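Here's a quick briefing on how this protein is put together, with a look at two of its residues along the way. Have the model open while you read.

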Amino acid sequence: MKILYVSSEVVPFAKTGGLADVAGALPLALKKFGHDVRVATPKYLMTDDEKFGLKSILNEIKVHFQFVTHYTKILSANFPGTDIPVYFVQYNPYFGREGLYTETGSDYPDNAQRFALFCIATLWMLRALEWNPDIIHCNDWQTALIPAHLKHHPDLRFDEFYNRIKVLYTIHNLAYQGRFDHDTLEKIGLGWEVFTIDGMEYYSDINLMKAGIVFSDEITTVSETYAKEIQTPEFGCGLDGVLRCRADHLTGIMNGIDYNVWNPAVDELIPGKFSPQRMAGKTKCKKALQEKNHLPQRADVPLIGMISRMADQKGFDLIAQIAPQLFSMDIQFILLGTGETRYHEMFEKIGKDYPEKAGINVTFDNRLAHEIEAGADMFLMPSRFEPCGLNQLYSLKYGTVPIVRKTGGLADSIIDATPETIANGTGTGFVFEEYTPEALLGAIRRALESYQKNIPWKKIQANGMTQDYSWGSSAKKYETLYQKMLGG
Ligand code: ADP
């Protein structure tokens, strides 16, 4: 099969969240099955052309919107260590900026035009390369205009080169929909025929996420529980009805993780390597992490880690409510995250109030993310909703016991540790259901109690470290779905 994987962020070239990790790993897993897999993504300022050896392969792909012609370029490099081509759409007025989607907390006002240009240039690029994929796999609203244009662009819909292509659309987070004023429609090259209730109209605006859902052949999302949740008003973010209409074409496939990158036995970014049989390296990592965060270097104190975009989704309001009780206990807490200013302020205050207990890092730092996974004893994810979540999967591998709310991918991947589940090898973390401060505190207390009882704790760690969330089985599910889409 020929598969084009399209994503607005791809590790190691550019990243703001989990989507980039997925886009940096799934294509490699699919390639192992023998498919011709290629990737398309924008060329951002943060993409290091020299380091990755980006070369220009197409000097002029023209994109017309309204009466303006934009001249884009296509650069290319292989994924490091592979022969998988990655195509970068270069258009500096749109992508040569500090941020990917936002700057100083606000969305770029021309995001619709930016990503429409990316989508159209990607489609024109295929013809210029004379490579027409069987499948285009799109991800989130930034790429949703690909199925919209394939079905409705006057130059594409009747063109044989394009109209045999099937589109799979993956929802990584339904909360980010790409909603814009309806006047934007003409600026992104679409006609008014898509502005209907069955199309991409949404309360008099246009909604790119909705376009992805209604115009693609199949839809997936990143865990089985989230696939069910998003069909309910509580989690559907206003699109639950649209998703219920397409329920026969909606599947949940759990993300995998890349154990070449997130694996304490081979991780070059942490001060001590370790594995279930040889855990001494984890003690070293904890000490180094405490030192880096100016916290007392005590081996016995339970260290709770958290790495997260600072958004409402992630449960920070619960943490604010339990902070006095949490920090009255003998614990340490290390946070890494960026996002909404009010959460920056909240955590900076916590850092000042509890300097002996809290290490607060309001920044984006990949090395520190690895160090926290390796050095912490527990990992906190009290999310209001969580489509898949990757950090709890990394935590399992690093023997850092997750404390999670039972939602989305967290519900699918973490089994509450009880005497029975610990003994039968399935108990891997501490799970709470109600989105309340009491329930969160209850789960933390249970984790701390267990931590004091060294033996069951070691068993919970070992249970987690031996789970297998590698990409192989998830990639197989995508392969089966692609084959079904092609009538196989
Ligand atoms: P989401 O995609 O909703 O942000 P995920 O758990 O799926 O959440 O993935 C988040 C990814 O981003 C993980 O790889 C995590 O380590 C990383 N990450 C989040 N915030 C930071 C940060 N401040 N510094 C470094 N890595 C971060």
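In this predicted model, the C-alpha centres of domain 1 and domain 2 lie 32 Å apart. Domain 1 covers 2-256 + 472-485 and domain 2 covers 280-468, with bounds that come from an automatic or database domain assignment. The model being predicted, local features need pLDDT of at least 70 and side-chain atom pairs count only at pLDDT 80 or more, while totals for chains, interfaces and linings use all residues. Residues are numbered from 1 along each chain as its sequence is written, and side-chain values use heavy atoms, with hydrogens and water left out.

- Looking for salt bridges between domain 1 and domain 2 turns up 0, the rule being a side-chain nitrogen of Lys or Arg within 4 Å of a carboxyl oxygen of Asp or Glu.
- Polar contacts are another story: 9 residue pairs across the interface of domain 1 and domain 2 make one, both residues at pLDDT 80 or more. The rule wants a pair of N or O atoms within 3.5 Å; within protein, one must be able to donate a hydrogen and the other to accept it, and residues adjacent in sequence count only if both atoms are side-chain atoms.

- Helices (H or I, at least four residues) and strands (E, at least two) are DSSP runs, numbered from the N terminus.

**Threonine 143**

- Threonine 143 sits in the loop between strand S8 (135-139) and helix H6 (145-152).
- Its relative accessible area is 0%, so threonine 143 is buried (under 20%; exposed is over 50%, partly exposed in between; 1.4 Å probe, protein chains only).
- Beyond its neighbours within four places in sequence, threonine 143 touches Val6, Ser7, Ser8, Phe118, Cys119 and Cys138.

**Serine 474**

- Serine 474 is part of helix H21 (residues 471-485).
- Serine 474 counts as buried because its relative accessibility is 6%.
- Its contacts, neighbours within four places in sequence aside, are Ile253, Met254, Asn255 and Gly256.

Note on methods
Contact = heavy atoms within 4.5 Å.
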